[in-house]
Amino acid sequence: MKVSIYNKLLGFLLFFSFYHCQAWPRYKFVVKEAPYTRLCSTKNILTVNGQFPGPTLYVNKGDTIVVDVYNRGNYNITIHWHGVKQPRNPWSDGPEYITQCPIQPGAKFRQKIIFTTEEGTLWWHAHSTWLRATVHGALIIYPKIGTSYPFPKPDVEIPIILGEWWKEDIMQVYLDLERYAGSGVPSDAYLINGQPGDFCPCSKPETLRLKVKRGFTYLFRIVNAILIDGLFFAIANHTVTVVGSDASYLKPFSRTFICVTPGQTVDVLLEANQSPNHYYMAASVYTTLLPGSYNNSTTTAIIEYNGNYTPSSQPMLPYLPEYDDAEASVNFTASFRSLADKEHPIDVPMEINTHLFYTLSINIPCKNNSCPAGEQLRFIASVNNVSFLNPSIDILQAYYCCIQGVYGTNLPDFPQLFFDFTADYLSTKWEIPQLGTEVRVLDYNSTVELVFQSTNFIKGADHGMHLHGHSFYVVGLGLWNFDKDKDPLTYNLVDPPLQNTIHVPRNGWMAIRFRANNPGVWHMHCHIDRHMVWGMGTAFIVKDGKSPEAKILPPPPDMPPC
């Protein structure tokens, strides 16, 4: 034990010196409130550097940067670098009470962001309560210097951040959801780069207008920063060519619309090849919720061709599918294929030594007569019938320092019972989950196949599952129940897409594979934040490997205290 403590102390001192002496690019994030006016009224929102959306960061593949985060707001906060694998460095990953305690008001935290194989579009956002509604920004990862895109270089690149706006203070919306655990108040407008667009009150003068030149090609780097909903997105009278998602390239394919799940990024090429005019870019909701429980607005921006011409009196609107068109959403996701060529090889695990099957459910905390007053109206959520509770200190600290009693390691690998998870009527026996801080421990370099199965409890729901610290190959998906004998025969093991966030359809399943080669504690959760608040999450603890290069780095010197 004494040798172990000595080694950790020595490693900490060496890391402290190394951490502060490297000349990595530095950025300053000042988290502070700023007044913003939308939908005819002004309110203070939490921002980074006073910007909404926040600043876009630009790096090259393989870079390392340092971001100093100063919390000058009124709430605890953390910042997560969504999709950045952060090899051996979970300390800067960001999820509250998973890898760190929050940065308290008046404090700062220096985060080292290590890029490796990521190339394309990612994003950063707050990872505490619902502050990411306004604390977020794009993260652009260019190819390594001297290399290029696997498609003709576009003439112009533009980040497109899909967001949303509540007239009410977002923390009040969050606290009401946490307190009452109902469905929550839908947002009042969706946004494109911070603006609601022409169809929302008091918004038309500020609608985003993008000038394009006929014959040019534009790379739109699209981020779904919305808390709750997927979005359909399209540009009137144009097709787009999808070339990437989640900082990984895809075999190009063309669509008149795309569907982006919360937390996901999609890169598309737009050829400005239409008659000079004004055309709406628009986005509207994809959801399986009942009407009245979601935001049914349409956000717009305008594509304006350069030149001397008289535009139509009203820009053309694109076709967008109906709000509940699950087939359109699933078919779009099913079109993703990795390049899988010599320059962009893939490494799909073929021999699996860890099989996991996780049911994703919306639950209730108690039954009618056993419920305290008001509790019968609450919702909670679960993975394999365990609803995740945040601990009082972060799991990473507890794991690294061998602190007992903070978390358990008893998350089931499989449901207790297999039945028709998508039936119209399900037994109430499984509606009430266990509560706990349960994680799954993985051996270093283990090969994992994880099947997500969405269930129909409480009418079922879509889920946007996100894994920190790793990307994974999506080898299969389908509607209804996963068939362990038939469905694996249809897996795509040749060119599956590499993702970090996926849409698991309501009453459907998704199979992923990954190699657990990143030691640390890594959050896995639904990126529909309502579900995460209700408890749809867990963490993977990936144990150290044998070599020094396969062990967690020591913690930085300024980890926020709990």
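This is a predicted model: local features need pLDDT of at least 70, side-chain atom pairs count only at pLDDT 80 or more; totals for chains, interfaces and linings use all residues.

A: Now to cysteine 402. The closest cysteine sulfur belongs to cysteine 401. The gap between the two sulfurs is 7.5 Å, which is too far for a bond. The cut-off for a disulfide is a pair of cysteine sulfur atoms within 2.5 Å. Cysteine 402 is also exposed, with a relative accessible area of 55%.

Which cysteines do bond? By the 2.5 Å rule, the count comes to two disulfides. A disulfide is a covalent bond between the sulfur atoms of two cysteines.

Take cysteine 40 and cysteine 202. Their sulfur atoms sit 1.9 Å apart, and the two form a disulfide. The torsion about this S-S bond is about 95°, so the disulfide of cysteine 40 and cysteine 202 is right-handed. Look at where the partners lie. Cysteine 40 is in the loop between β1 (26-38) and β2 (41-48). Cysteine 202 is in the loop between β10 (189-192) and β11 (209-212). The pair therefore ties together parts that are 162 residues apart in sequence. Cysteine 40 is partly exposed, at 45% relative accessible area. Cysteine 202 is exposed, at 56%.

Now take cysteine 101 and cysteine 562. These two also form a disulfide, with sulfur atoms 1.8 Å apart. The torsion about the S-S bond of cysteine 101 and cysteine 562 is about 85°, so this disulfide is right-handed. Cysteine 101 lies in the loop between β5 (79-82) and β6 (108-114). Cysteine 562 lies in the segment after β32 (537-542). The parts tied together by this pair are 461 residues apart in sequence. Cysteine 101 is buried, with a relative accessible area of 1%.

Cysteine 259 is in no disulfide. Its nearest cysteine sulfur is that of cysteine 526, 14 Å away. Cysteine 259 counts as buried, at 6% relative accessibility.

Tryptophan 81 deserves a stop. Leaving aside neighbours within four places in sequence, its contacts include Phe29, Leu57, Trp123, Trp124 and Leu139. Two of these names come up again in a strand pair. Leucine 57 stands opposite leucine 139 in β8. Strand β3 (residues 57-60) pairs with strand β8 (residues 136-142) in the parallel sense, over four bridges. On β3, Leu57 and Val59 make up the covered face. Tyr58 and Asn60 make up the uncovered one.

Finally, go back to β32, the strand before the segment that holds cysteine 562. Strand β32 is part of an open sheet of five strands, in the order β24-β32-β31-β26-β29, with mixed pairing. Its edge strands are β24 (440-442) and β29 (501-504), and each pairs on one side only. From one strand to the next, the twist averages 20°. Strands β24 and β32 run parallel, joined by three bridges. Leucine 442 stands opposite valine 542 in β32.

Conventions: Residues are numbered from 1 along each chain as its sequence is written. Side-chain values use heavy atoms; hydrogens and water are left out. Helices (H or I, at least four residues) and strands (E, at least two) are DSSP runs, numbered from the N terminus. Buried means under 20% relative accessible area, exposed over 50%, partly exposed in between (1.4 Å probe, protein chains only). Two strands pair if DSSP finds at least two bridges between them. Axes are lines fitted to C-alpha atoms, for helices over the stretch in contact, and angles run from 0 to 180 degrees between N-to-C directions. Contact means heavy atoms within 4.5 Å.
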